[in-house]
Amino acid sequence: MLSYDIMTLATAIIVGASSQLSQEIARQLAQQNVELALFAQQPEQLHAFAESLPTKATVHALDIENPQAIINQIETVWQQLGGAHLVLVNTGLNGYNPELPWQMDEDIINVNVMGFAAICNTAFKLFVEQGYGQLGAINSIAGLRGGPSVAYHASKAFGINYLQGLSMHAQRLKLPITITDIQLGLLDKAAMQGSKLWLSPINVVAGQVLKALAKGKRHAYVTKRWRMIAWLTKYLPEFVYNTRHWNKKQKK
Ligand SMILES: NC(=O)c1ccc[n+]([C@@H]2O[C@H](COP(=O)([O-])OP(=O)(O)OC[C@H]3O[C@@H](n4cnc5c(N)ncnc54)[C@H](OP(=O)(O)O)[C@@H]3O)[C@@H](O)[C@H]2O)c1
């Protein structure tokens with residue numbers, strides 16, 4: 001397992017750089033002298049942000065719904081950079097509709113399964129060629145068990161298992177390639193409920209993500225307090241898990 005001092009990290013690629021969390025992570029990495037390549041759907045919207053960073057940061061187009069295109073894009077940028085120490089995947093699509101429209105599920109599967117796998121597969125093979133590196137992905141505790149956002153939960157389970165498999169390949173190849181699965185809590189739900197207990201400032205979330213990466217963890221819950229919910233999610237008996245209500249029941 002690779003565990004490095006973040007200060008020695010030279011280059012990082014962040015895929016899905018338009019999100020607030022990605023930008024905070026980019027900012028904290030840049031403050032530690034890490035050069036960045038940022039992938040976003042609309043790269044032109046990130047130019048000003050990239051220029052505001054204290055280190056060199058380039059911005060690139062992300063066409064996640066076209067796996068071959070995203071593979072080519074990552075490989076091209078990798079060549080331009082001369083390799084990278086860290087690839088951080090922070091792409092994701094969520095949606096809930098009790099009518100279960102297929103289009104929503106298809107979109108989620110395209111981004112969270114097809115696109116995610118294409119990015120991780122490409123990054124892993126580039127790390128194998130290079131002989132070392134770290135692949136980090138920001139996932140969700142939603143992947144620990146099925147849930148009402150059916151495709152989202154299932155896609156996050158795919159992500160967890162895909163990363164586990166890559167980690168086994170790294171182990172078998174005896175290469176110092178670290179695979180880190182960061183499982184975020186259900187921050188949107190906490191935000192909707194206005195729960196200060198569960199919501200942490202974005203800089204704290206980003207800081208915990210970077211700490212877990214720097215320690216070379218196989219997986220980490222962020223923020224740490226979600227560990228207990230993750231445990232409950234995994235072990236609650238089905239008759240309790242299946243009937244739990246996040247919102248108060250409507251009186252009939
Ligand atoms: N926020 C939460 O409450 C929460 C909780 C648990 C886990 N997570 C997981 O953590 C990760 C990041 O969360 P976040 O809050 O930073 O998410 P976010 O703000 O929704 O950002 C996700 C990223 O994915 C990109 N993306 C989505 N659809 C795309 C598409 N079709 N093509 C290209 N890029 C696309 C977004 O780019 P655009 O902005 O350009 O669309 C964005 O950069 C995701 O995997 C998410 O599932 C989030």
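Figure 1. Tyrosine 235 is exposed, with a relative accessible area of 53%; exposed means over 50% relative accessible area, buried under 20%, and partly exposed in between (1.4 Å probe, protein chains only). The model is predicted: local features need pLDDT of at least 70, side-chain atom pairs count only at pLDDT 80 or more, and totals for chains, interfaces and linings use all residues. Residues are numbered from 1 along each chain as its sequence is written, and side-chain values use heavy atoms, with hydrogens and water left out. Tryptophan 231, at a relative accessible area of 48%, is partly exposed. Both tryptophan 231 and tyrosine 235 belong to helix H8, 4 residues apart, or about one turn of the helix. Helices (H or I, at least four residues) and strands (E, at least two) are DSSP runs, numbered from the N terminus. The whole structure contains 3 aromatic pairs. In the pair of tryptophan 231 and tyrosine 235, the ring centres are 5.3 Å apart and the planes stand at 55°, so the pair is tilted. Rings of Phe, Tyr and Trp (its six-membered ring) pair if their centres lie within 6.5 Å; planes under 30 degrees apart count as stacked, over 60 as edge-to-face and the rest as tilted.

**Figure 2. A nonpolar surface patch that includes methionine 228.** Met228, Trp231, Leu232 and Tyr235 make up the patch, with about 460 Å² of accessible area together. Patches consist of residues with over 30% relative accessible area and no salt bridge; like charges are joined within 9 Å and nonpolar side chains (Val, Leu, Ile, Met, Phe, Trp, Tyr) within 5 Å. Accessible areas come from the Shrake-Rupley method with a 1.4 Å probe, and for residues only the protein chains shown count as cover. Methionine 228 sits in helix H8 (residues 226–235) and is exposed at a relative accessible area of 52%.

**Figure 3. The salt bridge between glutamate 238 and arginine 145.** The closest N and O atoms of this pair are 3.0 Å apart. Glutamate 238 is in helix H9 (residues 238–241) and arginine 145 in the loop between strand E5 (133–140) and H5; the pair, 93 residues apart, links distant parts of the chain. A salt bridge is a side-chain nitrogen of Lys or Arg within 4 Å of a carboxyl oxygen of Asp or Glu. Glutamate 238 is partly exposed at 48% relative accessibility, whereas arginine 145 is buried at 16%. Leucine 236, in the loop between H8 and H9, is in contact with Arg145 and Tyr241, leaving aside neighbours within four places in sequence. Contact means heavy atoms within 4.5 Å. Leucine 236 is partly exposed, with a relative accessible area of 24%.

**Figure 4. The salt bridge between glutamate 24 and arginine 27.** A search of the whole structure finds 2 salt bridges. In the one between glutamate 24 and arginine 27, the closest N and O atoms are 2.7 Å apart. Both residues lie in helix H1 (residues 20–31), 3 residues apart, about one turn of the helix. Glutamate 24 counts as buried at 12% relative accessibility, while arginine 27 is partly exposed at 34%.

**Figure 5. Lysine 156, buried without a salt bridge.** Lysine 156 lies in helix H5 (residues 150–173). The nearest side chain of opposite charge, aspartate 181, is 8.4 Å away; Lys and Arg count as positive and Asp and Glu as negative, while His and the chain ends are not counted. Not counting residues up to four places away in sequence, lysine 156 touches Thr91, Gly92, Asn112, Ile138, Asn139, Ser140, Ala142 and Gly143.

Figure 6. Cysteine 120 is buried, with a relative accessible area of 0%. Beyond neighbours within four places in sequence, cysteine 120 is in contact with Val89, Leu135, Tyr162, Leu163 and Leu166. Isoleucine 71 is 49 residues from cysteine 120 in sequence and 9.5 Å away in space, C-alpha to C-alpha.

Figure 7. Valine 222 and threonine 223 are joined by a cis peptide bond with omega of about -10°; threonine 223 is in the loop between strand E7 (219–222) and H8. Asparagine 33, in the loop between H1 and strand E2 (35–40), has a positive phi of about 70° although it is not a glycine. Lysine 174, in the loop between H5 and strand E6 (177–184), has a positive phi of about 55° and is not a glycine either. Asparagine 33 is exposed at a relative accessible area of 56%, and lysine 174 is exposed at 73%.
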